[in-house]
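Me: Please take a close look at a single contact surface in the model shown below. I would like one connected account, with the criteria behind each term.

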Amino acid sequence: MLKVSGIDVFYGDLQVIRDVSFEVRDGEILVLVGANGAGKSTTLKTISGLLKPLKGSIEFDGVRLDLLSPDKVIGQGVVHVPEARRLFREMTVEENLVMGSLSPVARKKRMQTMEWVYELFPRMKERRKQAAGTMSGGEQQMCAIGRGLMALPKILMFDEPSLGLSPILVQEVFGIAKRINKEGVTVLLVEQNVRQTLAMCDRACVLENGRIVLQGTGKELSDDPHVKEAYLGI
Amino acid sequence: MKKNLYQLILPAVLALLPMAVKSEYFLHLMILFLLWVVIGSSWNILAGYTGQVSFGHAAFFGVGAYTAGLLFQHLQVSPWWGMALGGIVAMLIGLPFGAICFPLRGAYFALASLALGEGIRHIATVAEGFTGGMMGIMIMPTFTSKAPYYYIALGLAVLSVLSIRAIINSKPGYYFVSIREDQDAAASLGIDTTLYKNISLSISAFWTGMAGALYMNYMGFIDPNVVFSLHDYSVMAILVAIVGGVGTIYGPAVGAFIMVAFQEFFRTGFFGLFDYLGKATGSPAFTALSGAVRQAHVLGFGILVIVVILYLPNGVVGDWEKIKRNVFRINPAG
Amino acid sequence: MKGTAGKAFVVVAAVLSLVMAASAGFAETIKVGVLLPLTGSLAKFGEIEKRSYDMAVGEINAKGGVNGKKIELLFEDDTGKPDVGRSAMEKLISRDKVPVITGGYASSVVAATAPVAQQFKVPFVICTGSSDDVTEKGYDYVFRVNPPASEYPNAVKSFLQGVARDVKTVALLYENTAFGQSSSKSFEKDAKDLGLKIVVKEGYQAGAIDFTPILTKVKAANPDMIYMVSYVMDASLLMRQSKELHINPRMFVGGGAGFTLPEFAKSAGDASDYVYSATLWVDTLPFPGARKYSADFRKKYGAETEYHGAEAYATMYVVADALKRAKSLTPKDVRGALAATDMKTAFGPVKFVSYGKKTQQNKLDTYMVQWQKGELEAVWPKNVATKKYIYPTPHWDRRR
Amino acid sequence: MSYFRVEKLVKKFGGLTAVDEVTFEVGKGEIFGLIGPNGSGKTTTFNMISGVYPPTSGKVVYRDREIQGMKSHRICHLGVGRTFQVVKPLGRMTVLDNVIAASFSRVNSMREARGAALRTVEFCGLAPVREVLARSLPIAGRKRLEIARAMATRPELLLLDETAAGLNPTELVEAIELIRKIRENGTTIVIIEHIMHVIMTISDRIHAINFGQTIAEGTPKEVAANQAVIEAYLGTDYA
Amino acid sequence: MDVFLQTLVAGILKGGLYALIGIGMTLIMGVMGIINLAHGQLMMLAMYVTFVLNTMGVDPYVSLFIAMPLLFMLGVAIQKFLLNPLMKVETILPENQVLMTVGIGMVLTEVARFVFSSDYKYITTGYADRTFYIGNISFSVALTIAFVIALSFTAAMFWFLLKTDLGRSIRATAQDKDAATLMGVNTGRITVITFGLGSALVAAAGCLLAPVYYIFPDLGGPFTAKAFIITILGGLGSTVGAIFGGVTLGLAESMGATYFGMEYEDIVGLTIFILVLLFLPGGFKRLTKV
């Protein structure tokens, strides 16, 4: 479904991604794990077009995403829920949600989708007139996910949704990710929270210094000695 | 070796110039050029090296000029003492200027400095009793010949450039550039950013004030609109540095040369070239062209600015490699 | 770094010298330098004066020039800025080697260039720049045809003494320019001599959008006379807003500058009616060629002229006259001839005299004009009046 | 009296409490680890110690002197150096010039500063790239430069903020080497680190925070075994 | 009392016009974070458009509908060809964009001078010097119309920013450019449109100012300065703030002129500007959160 093949990405003179390839299959949950600075977020940003690979290609359902301008990517059904939420802080929750549905298709179903999002996150309905920046971290994460769902994604990419959330909330967020996945949306998750994510995912890739060093099912990886030592502290 | 040679030859040529060239007009243009070397270099140490882009340098220029003028007018202080004092008073004005602007960063700093520069112009206009208001100050110039002014301007230019170069290559210089590159990192390295920004401003204000005082002595007349002009000094100081090369020692000097030559080129219709061609060929087209060129000199400035920022963002000196490369690519390679 | 700077220097210098070499002159004319603002914000007047100089020279050359030689004008653009003006002055003197220079519009340019003329001993005949101190420095190579700014209100003073004796209180509004500040000062002095009380005195930054606040203050003070030193558009706004606010003094008086220009009447509309102004010149004055000058100007350029143009036109005749009388065409002899000038021009009699602190200053009367039905009429002194003054000014709501 | 301690440090940003009554003590010559999940308030704590902003309340005591609320540069002169998590190279200066600028905090002459900087550059293994512009260094080089610059201010207490993040295994080993070397010179180190492997091997003691609050403190072993740390840091289902 | 009321009215009416000048600027500064030192020059250009149309017999209020689209296109071109390319340019001074607008301002001024000369141009209309009275207080008809139109433009702008997708996209871009891109907003296009809109709004101000003022090439500078003061007073990107800022500046100028002296008009404005910069960064917006 989403195929990343051999991409190299630079920040200025600095190479952060080296020859990364992986594939996300229809309907699965794939996790990219790795330490801070390993290049996970960069990979997502490259998929969603904020960064352009110097080499390699990114294909989604036969469309070369790396050749599209970044604002066109979301129209393909590839939706990125960015790290640290990145809500429009001075806009209300509702406006933030509306911002998710700018593409013509999503726009047509805006009201329906919003109902669905409110169903998923009743808190959001309560707070819909509140400025997004004034909500708590967990609520902001819900809002950010909701905003992503408004675009009617085929694949939803989460960048560290657990960031700054309490354990209970982290579990809730992962629960939501699973639920969204069950509704037929493919999920690509980037996490530092290795243990929990490996447990919930179908497959995972381990990134180190801009390279993929390991790939496999969640189970395989949690049993891998390298992963155990480096990420699970065992 | 070659580098040292240039360093000796250029000042020597400049020093011998009044003896070789007898044209007072040419000397006058050279004096303006040297004045701009001082102003441009001063602006550059604050903006180019310390990263604080001031849009209010006319304030220091004007204060320097007014100090010299007022001291002479009211207390008959010799204009040459006035020059030194002009620099010092400009430096003192720099203190409140810094206190107001330095808490602000980036574009806000620029705006605040612009507002202060304009504010001081209005004050000089309104404070008629003290400054003479728009009627200005007129003094008798000391010398009848150009040469002394030329040498003073040359001295000022050489001293300011050399002193700035010395500063840049010592502790304060390193601190200035550190502040420009990253204020937080600089502070973590033990740099008192506020203090060093103020030091940079003081140096900058001092030389600009000196230039202003020399202007007063040389021109013999100032009024608030002349010496506190946003466009003619604050913005022009920026353009001189930008065109020559921000954050390079000799960039402002090159920029000053280009700007002064450019202005005179346009003002005189390429030194009468088109008029001459018009007369020689009897073609009215040249005369019309000459008129158009003369009309367009500020327009030319504007276009120069746009072109430089788009294509030579680091100025002639900063982008010299780029210029060379492009020129050579076009020429021998065809 | 130094190397690159040096190379850039050499390249530019080479181009410069090439162009300079190309501009050698043509001979057999008498060159006269003219310093005017031809670009920049003062260009409008520079243009009027340039046209007037051109007209005068055209006439002089058509009549055989000066002792058989034709006059060639070298216009230099001072852009209204002193440093540029100085470049222009230096160029005229040391590169073009003219025997005499004239023009000079902005006070600041005149102040910065007059000492240059003095130092090089080349006569400079100023036609417009009016700041007083230029002719108070004892420069013997500097002459001025127009009166200094402080004398502009003289006619107003005599009008107040002769006619408007019931004026007791005055509001004084002036723009914060050299001309505005110095005129207001001398008017203040006159008012003191006449025993008038100044109830409001306000400077303002030229180019204000809205004068309502100060006019409201003026209205509350209810003065007998409002004296305004303003340039044309401020003048027009002041009058329009005075009308809006129904301010009714016994007279509105402009202190020269903007109030005599045709644009004033056009843009202020009927608010300009009955407004007085001090002026240096109108074409109805009984000077030789005054009417002809303004008629010819209109015919030749399809535009109106005004006193600045007349100053330039007359000054050119003064220069030509001196060149004719000079023993030789050296600056020194031309200076001598200028000092002996005594002639009548379209701008009035010209004779350079010393009085008070001033030297080589032409002493001229000033006049009062009044807008009547859209026409500018000379009304004071009586001997030059084309219409009788209408005094006091009718109330706004009693007009028509 | 302790060498360095933080007492009930609080920082509020608007309504958000980023650091909430964090208290710890560091002994002279120790390597003291500070851990916690992303956004738990570690860097904020560093920023308060190094004077980037003043704490809302609480004390920072360094060699019996309260330094909270002091300006960064003064704290640096007192002997507290730091690196930044998001590296802040002085981009358009060479590596050596970066370090010279830092050396000037202790010496005034160009010659001395240059000499000291050369030694520091050598010490930190940056000699081969010393004439390179800082902005064209790769990430590992930048991290090294951060350390070199901090070292050039001759700190007695060094705050290292995620120095190992983004390094590959070889670079990691080198970084650990370097940190140890610094400690052997007599410098006390407080280190924030995400990579468990690094922090566990290097630290003498570790302090764990989450949501701005202290959750555990002790030797690496103790902390690794601490239930609250495991839950907060490694995830609940580990339990 | 009359003096006070008259001053108050004068200040508020002038403030309406200022608000319109300020909205364009606040949009541009808020969305792109750049300082547009050519803002007043754009207004000057619109006033010349009004003038030219007027010589052809078009009423200034009608010429709004011609000048606005024209300036919109000019703004679009400036942003697209001169300002956006700078984002990719690597320089020592991040203020290059500001300097670019200085250059643009110079070019606009000189082009106007080239075409129209330095002469003062003015537009005469039947209503320019009409007044009506409420009690003893006079209201200039033209300024009152300008005030009403300015307010309705502001209201329209407010609605546009709040209720349309394009408006939301503009606000979103101002708040978080990358996040907006992820939501499918072409932020490059948004900056272009915003600069166009800002130019169109200041063009509207120009058309409204033309009947009561006059036109000359150097008119831009002082109005650019006023636009800054208004923007800083109101807070970046805030339309309501712009109204507040405009009226505050208008009032401060009028009150200053009446109770201090008119020569202090500009000093009053600049003082407020600096005080707000220092003591209320964020401006009025920070106090009210709109």
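Reply:
**The interface between chain D and chain B**

Two salt bridges are counted between chain D and chain B, a salt bridge being a side-chain nitrogen of Lys or Arg within 4 Å of a carboxyl oxygen of Asp or Glu. The model is predicted, so local features need pLDDT of at least 70 and side-chain atom pairs count only at pLDDT 80 or more, while totals for chains, interfaces and linings use all residues. Residues are numbered from 1 along each chain as its sequence is written, chains are lettered from A and ligands numbered from 1 in the order in which they are written, and side-chain values use heavy atoms, without hydrogens and water.

One salt bridge pairs the side chain of Asp184(B) with that of Lys88(D), at 3.9 Å from N to O. Polar contacts between chain D and chain B amount to 10 residue pairs, both residues at pLDDT 80 or more; such a contact is a pair of N or O atoms within 3.5 Å, where within protein one must be able to donate a hydrogen and the other to accept it, and residues adjacent in sequence count only if both atoms are side-chain atoms. On the chain D side that touches chain B, helix H2 (72-78) and helix H3 (95-103) each supply at least two residues; helices are DSSP runs of H or I, at least four residues, numbered from the N terminus.

Chain D brings 22 residues to the contact and chain B brings 18 residues, with contact meaning heavy atoms within 4.5 Å. Between them, chain D and chain B bury about 1,800 Å², of which 62% lies on carbon and sulfur atoms. Buried area is the accessible area (1.4 Å probe) that two parts lose on being put together, summed over both. Within chain D, the residues that lose the most area to chain B are His73(D), Leu90(D) and Phe104(D), which together account for 28% of what that side buries.

The other chain pairs place this interface in context. Seven pairs of chains are in contact, and among these chains B and C share the most contacts. Chain D, by contrast, does not touch chain C, and the nearest C-alpha atoms of these two chains are 16 Å apart. Chain A and chain C are likewise joined by no contact, their closest C-alpha atoms lying 25 Å apart.
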